[in-house]
Structures are given as C-alpha cells and as structure tokens.
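Here are my notes on the model, as numbered points. Please read them with the structure open.

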Amino acid sequence: MSASDQAPTAALLQVQNLQVQFATNDGPVYAVNGLSFAMQRGETLGIVGESGSGKSQTALAIMGLLARNGRATGSIDYQGRNLLALSEQELNTVRGSQIAMAFQDPMTALNPYLTVERQMTETLQLHKGMDRKAARASAIRMLDAVKIPAAASRIGMYPHEFSGGMRQRVMLAMALMCEPAILLADEPTTALDVTVQAQVLALLGDLQKDMGIAILLITHDLGVIAGLCDQVLVMYGGRVMEQGSAAHIFHHASHPYTRGLLGAIARIDGQGGPLLPIPGSPPQMAQLPSGCPFAPRCAWADGLCDSQVPALQDIAQAQSEQALRYPARRACHRPVELLNLSPGEEGAHV
Amino acid sequence: MWKYTLRRILATLPTLLTVITVCYLMLHLTPGGPFDSERKVSAAVLANLQAKYHLDLPLWQQYLYYLNNLLHGDLGASFRYADWSVNDLVAKALPVSLLIGGLSMLIAVFAGVVLGIWAALRQNSWLDHALMIFCNVGGSVPSFVIGPLLVTVFALWLKWLPSGGWNEGQWRFVVLPVALLAVINLSTVGRVMRGSLIEVLSSNFILAARAKGLPMSTIVLRHALRPALIPVVSVLGPLAISSITAAVVTETWFSLPGLGKLIVNGASNRDYTLVLGLVVLVTFVAVLLNLLVDLAYALLDPKIRY
Amino acid sequence: MPYLIPKSVTEIAPAARSPWLDARQRFVRNRAALVSLVILMLIALTCLVGPWLSPHAYDDTDWNLMGIGPTWDHWHLFGTDELGRDLLVRTLIGGRISLTVGVLATLVSVSLGVAWGAVAGFVGGKVDAFMMRIVDILYAIPYLLIAIMMVTILGRDFYLVVLTISAFSWMDMARVVRGQTLSIKSKEYIEAARAIGVPTRRIIFSHVVPNLLGIVVIYTSITVPGVILTESVLSFLGLGVQEPMTSWGVLIHDGANVMESSPWMIWFPGAALTLTLYCANFLGDGMRDALDPKTR
C-alpha cells in the first residue's frame with residue numbers, strides 16, 4: 001500500500017501556518033512565521049532552536065497564553081476545534097485538562113506562597129470536580145509516580161523547600177494531574193544538572209508510555225531530542241528550517257543550520273573533530289533580515305538567500321515508515337548536494 | 001514565630017529609648033523650661049512638677065524616675081495646667097484621635113486595596129487612569145489644601161456637613177476629617193496595591209496558573225493576592241507614621257479636640273512637659289504599629305520564618 | 001560534516017556616548033519634567049523680582065480696600081486681606097521665604113546626608129553599622145512631633161526653623177549615598193586605578209565623586225519638595241516662621257480662618273504651593289529617570 005492510498009488519520013493536534021506577532025514600540029515583531037506540524041496520540045515532537053527562535057511562543061500560542069500585545073493567526077486544531085478561535089472560558093476547559101504545560105524554570109513557575117498540595121489539587125478540583133481528600137490522594141500518587149520520596153509528608157511543603165530536580169518533577173506531576181492528552185514541555189531540563197536531566201528525561205519517557213500522552217518538547221539541546229523524540233522541527237528566526245523524523249535530522253540533516261547545530265555538539269563516541277560553533281549571534285527579532293533569517297551566518301548563502309525567504313519544501317527520502325509518517329522538509333535555496341561537498345571543493349563562495 | 005516576635009520587640013527598644021532620652025535631655029537645654037531653675041510657673045504647677053520629676057535630684061536620678069514613671073504609664077505633669085496631668089489631658093483627647101485615625105485607616109486600607117485591585121485588573125482603561133490621577137492628587141497635594149477643598153465643596157457650597165468642630169463626636173462632624181485622612185492614605189495604598197498586583201500578575205507562576213485553566217477570579221484571589229499584599233503591608237508602617245502629620249493637620253484644621261490639637265496647643269503655649277509626654281506617647285504608638293506590621297508581614301510570606 | 005568557516009561577520013559597534021549627554025537627552029525627552037523646570041524657574045523669578053515691581057509693599061495697609069476679592073483696581077490681582085494688605089505681593093514674598101527655606105534646608109540636609117552616607121560607606125564595618133542604625137531609628141520617628149518639640153524648645157528663629165526641617169530630611173540621601181559608596185568601593189576600576197598607582201585623591205575626584213554625583217542630584221531634587229512641604233506644614237500649624245515674615249504655609253493658615261468670607265485668601269497661596277510642589281515632584285521624577293543607572 002503506497003502512501004497516497006492511506007487516508008491520513010486525524011491528527012490529535014494540527015497546527016497550520018501559525019504566525020505569532022507582537023506589537024511593540026519599535027514596530028511589529030514576528031516571533032513565529034508560517035509554522036505547520038501535526039501530532040498524533042502518544043508521540044513526541046521536538047522543537048529545537050536557539051533562544052529567540054520562536055519555540056516557546058509556539059507553545060504559548062497553543063495554550064492561548066501570549067502576552068497582551070501578541071496575536072496568533074493561522075489555525076491550531078484540537079479535536080476539531082480551532083483553539084485560536086475559542087473564547088477564554090472555552091480555552092479554560094482545554095487548558096490543564098486536555099493540554100497541559102510544564103514551564104521552563106520550576107522555581108518561578110511554582111507559586112512560592114502556596115503549598116504543593118494546593119497547587120496540585122486545584123486542577124483536579126476544577127476540571128474533575130473531585131473533593132479535597134480524593135484530590136490529595138491523587139496528588140500523592142502522582143508524586144510517587146514522578147519518584148518524589150516520602151510524597152505524603154512532602155506534599156504539604158512549599159516549593160522553596162524542594163531541591164531543583166524535585167521541583168521540576170513536581171511541576172511535571174502538576175501538569176499531568178488531569179491526565180491530559182498533550183503535554184507541552186518547555187525546556188524541562190535546562191535548569192538542571194546533567195545527571196538530573198537524564199533522570200527527568202527517563203521519567204518523561206516512562207510517563208508517556210504509561211499514560212499515552214503526546215509530548216511537545218521544546219529545547220535548545222539536541223541531545224535531549226535524540227533520546228525522546230519521534231519528530232523534530234528545527235527553528236531559526238521564527239521559521240522552520242528543517243523538519244522530519246528524528247532519524248532524518250540526526251543522520252541526514254540537510255540544512256546548513258541543522259548541520260551547524262550537529263557540528264557544535266561534543267560526541268562521546270570520539271567521532272567528529274574539533275567543536276565548530278556557528279559564528280555570529282541569533283538575530284534581533286525586531287530587525288529580521290529580509291530573506292532567509294539564517295543567511296547572515298550561513299557559509300553557503302548567496303544573493304538569493306539574502307533577498308528571498310526560502311519556502312519549506314519536501315526532500316527526496318528513502319522510503320520507510322518513518323519517512324511516511326514524518327516527511328522531511330527543508331527551507332533553503334541552496335541545493336542539498338552543495339552541503340555534502342568537503343571544504344575546498346565548493347568553489348568561490350567562501 | 002515567638003522568637004521572631006521577641007526579637008522584633010527587642011529591636012524597637014533602642015528607638016523608643018533614643019527618642020525618650022533625646023527629648024528629655026533637650027528639655028534640659030531649654031531656658032525657662034521645666035528643669036531650669038528660672039522657670040516661670042505658678043506654685044501649683046511647681047508642686048506638680050516636683051512630685052513627678054523630682055527636680056532636686058541629680059540629673060541621672062531624675063531620668064530614672066522619669067523612665068520609671070513611663071513604665072507605669074504616667075506621662076508627667078503639665079507645665080501650664082495645674083489641675084490636669086498629662087494623662088488627664090491625653091485621656092480626653094485620645095478617643096477623638098483614635099476614632100478619626102482608626103476609622104480613616106480602616107477605610108483607606110480597605111478601599112485602597114479594592115480600588116488597587118480593580119485598577120490593576122483593568123490596566124490602562126479609563127478607570128485605571130482616573131483612579132491613578134485621583135491617587136496622584138491625593139498623595140501629592142498637601143493635606144491642608146485638600147482640607148479646605150473638602151470644606152468648600154461640602155460645607156460651604158452644598159451645606160451638607162459642618163465645616164469644623166467636634167460636637168461630642170456626632171457623626172456629621174466626623175465625616176469630613178475622616179474623609180480627608182482616608183483620601184490621603186488611600187492614595188498611597190491604592191497605588192502600591194495596583195503596582196504590586198500588576199507586577200505579580202506578570203510572574204511566571206501566574207502564567208502557569210493560567211495554563212492550568214483556572215478562571216481569573218481564582219487566580220487573583222488564591223494565587224496573586226497574597227504575594228501582592230506584601231508590599232502593601234510593608235508600606236502600612238511608614239504610612240501610619242506619615243499619617244500622623246496629616247492627622248495633626250486635620251485636627252487643627254477641623255478644630256477637633258484630639259491629640260494633634262493638644263500637641264500643637266502645647267507647643268504654642270510652651271507647655272514643655274506636655275509636649276514631651278505626647279511625643280513619647282505617639283512615638284510609642286508608632287513603634288507599636290510598625291511592630292504589628294512586621295508581624296503581619298511575616299505571616300504573609302512563608303519564606304520568612306526566623 | 002565539518003562546518004565551513006564562513007565569510008567574516010562584521011559588527012557595527014554603537015557610537016560611544018558620555019553618560020551625562022545621555023542623561024540630558026533622556027531628561028529633555030520627558031515633557032512633564034521639562035515643563036516643570038520652566039514653571040519652577042518662572043515661579044522663582046516672579047517671587048524674586050515681583051515684589052520690586054509691585055506698587056505695594058507687603059505690609060502696606062489700605063483702609064479703603066480691606067478684604068476685597070481679586071480685582072484690577074490698584075493692581076490687587078489677588079485681592080486683599082482684612083487689613084487691606086495686597087495678597088499678590090504677600091504671596092510672592094511668602095514664596096521667597098518658602099523657596100529660601102526650601103533651598104537652605106535642602107543644602108543642609110544634602111550636605112549632612114552625603115557626608116554621613118559617604119563616611120559610613122567608605123569606613124564600613126562597625127562604624128557603618130552604627131551610623132545606619134541611627135538612620136533607622138530616625139526613620140521610625142514621626143518627624144513632625146520632634147519638629148514640634150524642637151520648635152517648642154528652640155524657638156522659631158528663622159535659622160532654627162531651617163535646622164529643624166533639615167534634621168529630618170537627610171536620611172534618604174544618607175542611605176542612598178552609603179549604598180552607592182559601598183558599590184563604588186568594590187568596583188574593579190577602583191582597584192585597577194590603585195594598582196597602577198593613581199593617588200587616592202585623584203581616585204576620589206575622578207572616580208568616586210562623578211559616580212556619586214548622579215545619585216546626589218537625583219535625591220536633592222527629591223528632597224526639595226519634601227522640605228518645602230515640611231515648612232508649610234509647620235507654618236500652617238503656627239509653628240514655622242514668625243511674624244513679620246510670612247510664607248505660603250502662614251498665608252494658608254491665615255486664609256483658613258476667613259475661608260468662608262474671603263476664599264481667595266487661601267486659594268491663591270494654596271495654588272502657588274501646590275503648583276510648586278507638583279512641578280518639583282515631576283522634576284524629581286525626571287531627574288531620576290534621566291540619571292538612574294539602573295533604568296538605562
């Protein structure tokens with residue numbers, strides 16, 4: 001059966017052409033431009049990019065939590081409804097119970113003036129109408145599931161009485177209280193030590209298997225992506241540079257930016273030579289260059305790259321199930337073959 | 001908690017002691033004052049002074065007697081009135097000041113908090129702007145300009161309320177003074193509440209609370225209010241102290257027989273010991289209020305537990 | 001695949017700007033502060049020069065025109081009081097006193113505050129702790145009461161009034177100067193200067209003072225309205241400057257007594273005072289916005 005015969009299963013979350021812009025004193029800032037992706041039940045989608053690439057804003061747009069001067073256009077379909085068209089009250093029935101979000105810094109994302117119990121039970125009381133006692137029992141069970149020791153005695157404590165790694169787990173537990181269909185995890189490991197990072201990622205994987213949730217994982221760390229994600233989006237300057245299955249991104253990356261990211265990672269297997277950082281710095285979102293946002297830092301950029309924004313196009317791929325589910329795409333004017341040339345062969349561009 | 005309380009109480013003692021000592025010593029510098037041998041007072045007053053202040057003893061002993069008196073709640077003898085001690089005069093004036101001060105503070109805090117919350121939730125709307133202008137005016141226009149304004153509008157033009165006097169505390173005479181003090185204090189409370197709530201509402205944990213699908217009312221009442229109130233509480237201490245000035249002006253302006261009027265009259269009359277006694281009393285009250293504010297602050301913020 | 005070294009990335013460095021120029025630009029952009037400055041200068045000028053131009057002396061009594069409202073007649077633009085004295089001139093003279101007290105008391109309290117704070121910050125240790133404890137104690141005291149006490153004891157001589165007012169206006173400055181001194185003391189450029197052998201005096205004048213200057217200017221402009229207000233309150237209570245001197249506070253006090261029959265007596269001085277305070281406050285805000293290193 002070829003790909004074209006299969007009727008596509010309705011995606012759990014379908015984002016089409018999402019644009020997020022902010023009205024500022026210096027003019028409009030386009031944080032996200034033309035983002036599209038689909039998530040299925042039980043899958044993990046990773047969004048990778050530097051700070052300012054628009055990844056967090058994507059998550060906030062899905063939740064309807066953009067800042068007051070922000071507007072999202074396009075469509076975000078969840079269970080047949082466009083989330084961008086819902087009123088605040090309707091959104092509140094989705095937030096927390098169907099789609100939940102775990103924030104980047106657990107120290108600031110947990111209310112320091114309320115006990116952990118209060119913060120965990122309120123979603124259950126609100127969305128599932130549970131009473132205090134049942135909600136408390138449920139919360140203790142969830143804390144156990146995220147491997148917080150002595151959960152029953154810890155639950156009455158305040159966030160500042162927990163360590164950093166435990167706070168992150170508490171936040172995950174809090175997000176998962178109502179067993180949502182989708183979890184948006186914004187940089188869940190950034191504020192943590194490396195060993196704790198590994199634990200939290202393993203935890204996420206386990207929870208996903210147990211609860212069958214879909215996870216949207218936002219990070220700047222490719223290593224995090226490798227362990228957990230089925231599908232990956234690479235963003236830069238508010239646009240998708242490349243997307244595809246995780247296997248494609250890691251083994252067949254075909255965009256200069258993705259290549260650059262991969263080249264900048266230290267590898268434990270001794271492969272790869274010196275670390276090559278990508279020169280330059282992320283763009284000022286208020287003053288995006290016309291044309292490809294990556295062009296100023298790209299070794300292969302030419303005149304067209306500076307003047308015209310490249311469209312996201314399919315890449316020819318070896319046929320596989322992965323390739324069917326997650327078609328690979330890149331946004332680049334320069335042909336893939338060019339990137340495969342070794343230095344010196346390229347010609348007059350450097 | 002009790003250790004914290006005790007420590008705070010102990011911290012207030014230097015302040016009290018300094019004020020008492022400095023003022024007491026200042027009286028000794030005064031030519032013609034109570035401790036000067038050339039004081040010009042009647043025999044009756046002199047007898048009172050002698051009894052309370054032990055004027056023949058060396059200075060340090062006089063001082064100790066004075067402290068002892070204070071500990072027993074005796075504020076001393078008047079320099080001008082032979083028939084009344086300072087305590088007598090205070091007893092007549094205190095209820096007036098307490099009523100005006102207490103009532104206006106209650107109104108100011110309550111209204112200030114409510115209006116501040118309202119303005120914060122409707123930031124940049126016309127309501128917010130109107131409220132902020134009101135608070136700006138109330139906070140920066142001096143009390144003795146707002147007072148005449150109130151009197152002009154409500155007493156002279158509308159003739160709803162009397163323009164001054166006490167009349168044994170009949171409610172009509174209480175309204176304008178309380179209004180004046182309330183407006184002044186409300187301006188500060190409202191501004192601080194609004195600013196603080198706006199800042200709290202922009203925190204990450206409020207965003208996280210919204211992400212849980214909680215309705216705005218729950219978020220404000222359960223998540224935002226407690227941290228937002230902390231700056232408000234901590235401003236109540238200095239506010240109480242600064243409102244003493246406004247209270248003195250108010251009592252003078254409206255001719256209310258309270259402590260403020262008493263101290264101003266005492267100063268005009270050169271009733272040194274009366275002024276001393278009142279200064280000590282009011283400082284004590286101010287320090288006490290500050291202490292209460294500190295304790296309330298500790299109750300609100302779970303991170304403070306010494 | 002190794003990433004190729006790309007073409008050079010040129011960066012445009014922002015043009016260097018002196019912080020004073022920067023501050024002046026920010027100040028000028030603040031309309032309210034600019035307008036306030038102009039108004040204040042006009043008020044000061046009028047108070048200084050006005051009485052010389054007026055046909056009336058401030059204690060000239062005119063028995064024919066007692067207690068009249070504002071009128072063009074005889075240039076009694078603000079009206080007269082119950083003794084026939086022209087209110088306009090009295091308001092201007094009162095302004096002279098109020099502003100003079102304001103300036104003098106500010107000078108005294110700024111000097112005291114800067115000295116106190118700089119010594120505490122520079123010496124540090126126990127001396128610092130002790131000096132700041134005194135500041136804390138003073139903060140906790142309701143100043144008006146002590147001011148009343150001082151006036152009762154020391155009398156209402158002009159300079160004593162100035163002293164009384166200054167005694168309670170210097171604490172903010174002291175605190176802020178101490179903080180700034182502490183932070184300057186530990187800055188690396190001071191160590192660097194010492195390391196290359198710059199003499200201490202040079203360090204103080206080239207490094208410490210300019211950094212203190214900004215914050216001193218800010219807090220001076222904040223002290224001024226407070227001091228003017230304190231003087232007005234004292235005068236209003238009858239405990240400020242004495243006859244024959246008059247100030248806005250005294251005029252308001254006098255006007256309060258005859259408010260029902262002659263409202264202009266209170267409104268003109270009241271308006272003058274309020275306007276001055278407002279402008280001084282805006283000016284202070286403007287200074288703070290322009291000079292505060294934290295808001296840059």
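1. Chain B is helical. It has eleven helices and zero strands. Read along the sequence, the pattern of chain B is α-α-α-α-α-α-α-α-α-α-α. Keep in mind that this is a predicted model.

2. Overall dimensions of chain B come next. Its C-alpha atoms fill a box of roughly 80 × 55 × 30 Å along the principal axes. Of the 306 residues in chain B, 42% are buried. Take the contacts in chain B with a separation of 6 or more: 71% of them join residues 24 or more positions apart.

3. Now the contact between chains B and C. How many residues does each chain put in? Chain B gives 39 residues and chain C gives 31 residues. On the chain B side, five helices each supply at least two residues: α1 (2-29), α6 (143-157), α9 (216-254), α10 (259-268) and α11 (272-300). The chain B residues that touch chain C divide into 27 nonpolar, eleven polar and one charged.

4. Chain A contains a sheet. This sheet is open, has eight strands and shows mixed pairing. The strand order in chain A is β6-β7-β8-β3-β9-β10-β12-β11. In general, strands of a sheet pair through backbone hydrogen bonds, either parallel or antiparallel.

5. Which strands of chain A stand at the edges of the sheet? They are β6 (99-102) and β11 (313-314) of chain A. Each has a single partner strand, so one side of each is left without a neighbour in the sheet.

6. The partner of β11(A) is strand β12 (residues 329-330) of chain A. The two pair in the antiparallel sense, over two bridges. At residue level, A:D314 has A:R329 in β12(A) as its bridge partner.

7. One residue of chain A deserves a separate look: A:S307. It is found in helix α12 (residues 303-307) of chain A. Is A:S307 buried, exposed or partly exposed? A:S307 has 13 other C-beta atoms within 10 Å. A residue counts as exposed at 12 or fewer and as buried at 20 or more. A:S307 is therefore partly exposed.

8. What does A:S307 touch, not counting residues up to four places away in sequence? The answer is A:S290 and A:G291. A:S307 and A:G291 are 16 residues apart in sequence. In space they are 4.3 Å apart, C-alpha to C-alpha.

Technical notes. Residues numbered from 1 in each chain as written. Chains lettered and ligands numbered in written order. Predicted model: local features only at pLDDT ≥ 70, side-chain atom pairs only at ≥ 80, totals over all residues. Contact = placed C-beta atoms within 7 Å. Helix = DSSP H or I, 4+ residues; strand = E, 2+ residues; numbered from the N terminus. Nonpolar A, V, L, I, M, F, W, Y, C, P; charged D, E, K, R; others polar. Pairing = 2+ DSSP bridges.
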